[in-house]
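Please keep the structure open while you read.

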Amino acid sequence: MTTSLERARAILADFPVVDGHNDLPWALREQVAYDIDARDIAVDQSAHLHTDLARLRAGGVGAQFWSVYVRSDMAGDVAVSATLEQIDCVQQLIERYPADLRRALTAADMEAARTEGRIASLMGAEGGHSIDNSLATLRALHTLGVRYMTLTHNDNIAWADSATDEPGVGGLSPFGHEVVREMNRAGMLVDLSHVAATTMRAALDTSVAPVIFSHSSSRAVCDHPRNIPDDVLERLPANGGVAMATFVPKFVLQAAVDWTAAADDNLRAHGFHHLDTSAEAMKLHGAFEEAHPRPVATVSTVADHLDHMREVAGVDHIGIGGDYDGTAFLPDGLGDVSGYPNLIAELVDRGWSDTDLAKLTWQNAVRVLGAAEDVARDEQARRGPSNATLDQLDG
Amino acid sequence: MRVTVNVTADTVDARSFAMADLQDELTATAEMGELAELSSPTEETPEPSADDALTRARAFLTTHPVADGYCGLPATLRTLPWYDLELGDSSVDTDLPRLRDGGVGALLWTLRLLPGTAHAEHPVTAVLEQLDFAQHVVAQYPEGLRPALSASEACDARAYGRIAVLMGPAPAAAIGESLATLRALHTLGLRVLTLSGTCWATEAGLTRFGEEVVREINRLGVLADLTGASVPTARRVLAVTKAPVILAHSGAHALNSHPDNVPDDLLAALGAAGGVCLVPCSAERTGPELGDVADHLGHVRRVAGPGSVGLCGAYDTGAVHPDGLADVSRYPYLIAELVERGWPESDLAQLTWGNVQRVLRETEFAARAAAPRREPSTARIERLDT
């Protein structure tokens, strides 16, 4: 009698995880200024990082979208240049660990990596601030290997609203729609994590290619603006896209959402910004945590989201996007990138079939990238590159 | 918006249609033109020596075409609502008929920042946009232009009867004080970077970060352009660099005191280091007559050596051009002048094509030599230059 964990590992051996979002590049920037010798992921980095090669292997990861995120308070050239540095970092990692990582630009590259037993390494930009309102810069990112762009991060930008900011342009501005069209033409996936529900709907209206949510869960299960409302999940079958559930407790567990809101209120009540990490702020926060223990999410919490998302979007439109090295706390059992088999085992226990699990872990994400390539070929045959500007369209 | 998209699609179709129609005819015309010119002097010969020189210059350019080191076409095209380089376009100085007439075999397309625009505050984005647009223009004219990333690809373009286009120089500000951004620009096709107008290459010379930039462009195989660099910066670059450098559009300071022109001692040092000074067809930097440009070429050849002098048109950069050198079709007249001044063919061959080829190749060799020895540099300006 095989245990469900053994079955999970067997499934992952054939259909490894495509993870939609991992912030290792930003962690390397913050911790060691891209000195990748100082954080050699060929050896155990569990003291510093959620991610290293051995744990990726143990986790059954077959493809990783490395996030080339830059902070959303960066703008203009600073954001563009910082994004190029992030891309450069991923490139260095791929060159340094050729036996484990394989540069992947297409669905075919992903399949080749799986065949070779290497981890397909793709890139995703996190926020439209990375292109400085320039469609040529968007194309440059694509040329350099970026295969999705989240339209916003935590703050609104000139042409798109974020989930965690006040309503601005009410979804996408005309230039925002043009960005989506140009992404379709370039073959870059439109990522709707982090964006406001109005932006999700607007992008789904315009995009002729499947969209993704690189790391977002279900709002019906846990009411947080970073999650996806059911009406949007219901549109995924027609669009062909995929929603990759994230693990971040403060998005997926209602008690953690409430706890985080109370902790933030506590900081603000004492005159600090809620993201302040100064010594005094941390001390205050420490005292709060002492008095109110942090609620702990589990594998089951994430499985609840996936169950609901499968129900609403369908099994062909779900995936996984852990957000490792992009968040401080993680559910029990999913503490680092070696944890995916625990999640799959939980789904096995809940009666998910092997076929469903193969779609969840591997097939859906690969299909979506391939579909984006097909759309790009069509679009490129039909029209030239757009050089529309924010001023022209949104004047 | 939909209307704009449709117009673009239609124009692209119309252009490719026109090119398809003209393709054979254009080739035929070029060949017939050469024959006609070869036979005409023997029949008429009103001014035997001048015609001889021009005929010789044209014949010479068919085998040793001009590698023009500084052409501002993309930024100029960007400002035009419509252009047609295949049939010729009077709103620019550079188009395919005139490039063919002028015996041009390769162009370096400068990605300059336009003053009075948002470029000043967004040089990284501005240069990414210009690279994107320039590559789009090259792709629009596959019968005339061919992108080249190396010396060999420039030769290949010639072999296919196309004009090679290399990307650069771009201003130093384009790298955003980031070596990773420099690497991204190289990946995207940039091959020349101008080391001036930035906080790491100043009147006082190169900073430590500036030296790291030079080492990194050596490692990548990007040419250093010293136009506009201060003498201390230029000297420091020459001391640090493992590859030859160019002056993409500088004349001789001894003949014209334009601030970007180079003093003789620097020219001599450039020559000794195997670099190339590309003399511009610019009234401001050289002089108002074709003969002035020839004077500068002669001076640079004398001081730096025949292996260190080259040509740049500075066309479509807003420069005022000397009489007789109004556009890219006029190179044969300049070469004819040099023929009359007694330049040997071997020197002319270096001037038009050979020297630029050599510095490109040596830059590539230096990069290949550096690759196994040096990792991509993660040096940061705030750590080196505090």
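1. Start with strand β4 (residues 163-167) of chain B. Five of its five residues are buried, so the strand is largely enclosed by the rest of the structure. A residue is buried here if 20 or more other C-beta atoms, placed from the backbone, lie within 10 Å of its own. Helices (H or I, at least four residues) and strands (E, at least two) are DSSP runs, numbered from the N terminus.

2. A word on the source. This is a predicted model, in which local features need pLDDT of at least 70 and side-chain atom pairs count only at pLDDT 80 or more, while totals for chains, interfaces and linings use all residues. Residues are numbered from 1 along each chain as its sequence is written, and chains are lettered from A and ligands numbered from 1 in the order in which they are written.

3. Look at the two faces of β4(B). In a regular strand the side chains alternate between the two faces of the sheet. Ile163(B), Val165(B) and Met167(B) lie on one side of β4(B), Ala164(B) and Leu166(B) on the other, and all are buried.

4. Which strands pair with β4(B) in the parallel sense? Strand β2 (residues 104-109) of chain B does, over four bridges. Strand β3 (residues 145-147) of chain B does too, over three bridges. Strands pair if DSSP finds at least two bridges between them. Val165(B) is the bridge partner of Leu107(B). Ile163(B) stands opposite Leu145(B). From β3(B) the chain passes through helix α6 (residues 151-159) of chain B to β4(B), a right-handed β-α-β crossover. Right-handed means that, with the strands pointing away from the viewer, the path from the first strand over the helix to the second runs clockwise.

5. Now chain B as a whole. Chain B has 14 helices and 12 strands. Of its 386 residues, 51% count as buried.

6. Next, the chain interface. 26 residues of chain A are in contact with 26 residues of chain B. Contact means that the C-beta atoms, placed from the backbone, lie within 7 Å. On the side of chain A that touches chain B, α4 (76-96) and α6 (135-143) of chain A are the elements that give two or more residues. The largest share, nine residues, comes from α4(A).

7. Last, a helix pair. Helix α7 (residues 174-186) of chain A packs on helix α16 (residues 354-382) of chain A at about 105°, with the axes 6 Å apart. Axes are lines fitted to C-alpha atoms, for helices over the stretch in contact, and angles run from 0 to 180 degrees between N-to-C directions. The two helices α7(A) and α16(A) are therefore roughly perpendicular, a term for angles of 65 to 115 degrees.

Terms used:
Contact = placed C-beta atoms within 7 Å. Buried ≥ 20, exposed ≤ 12 C-beta atoms within 10 Å, placed from the backbone. Parallel < 35°, antiparallel > 145°, perpendicular 65-115°, else oblique.
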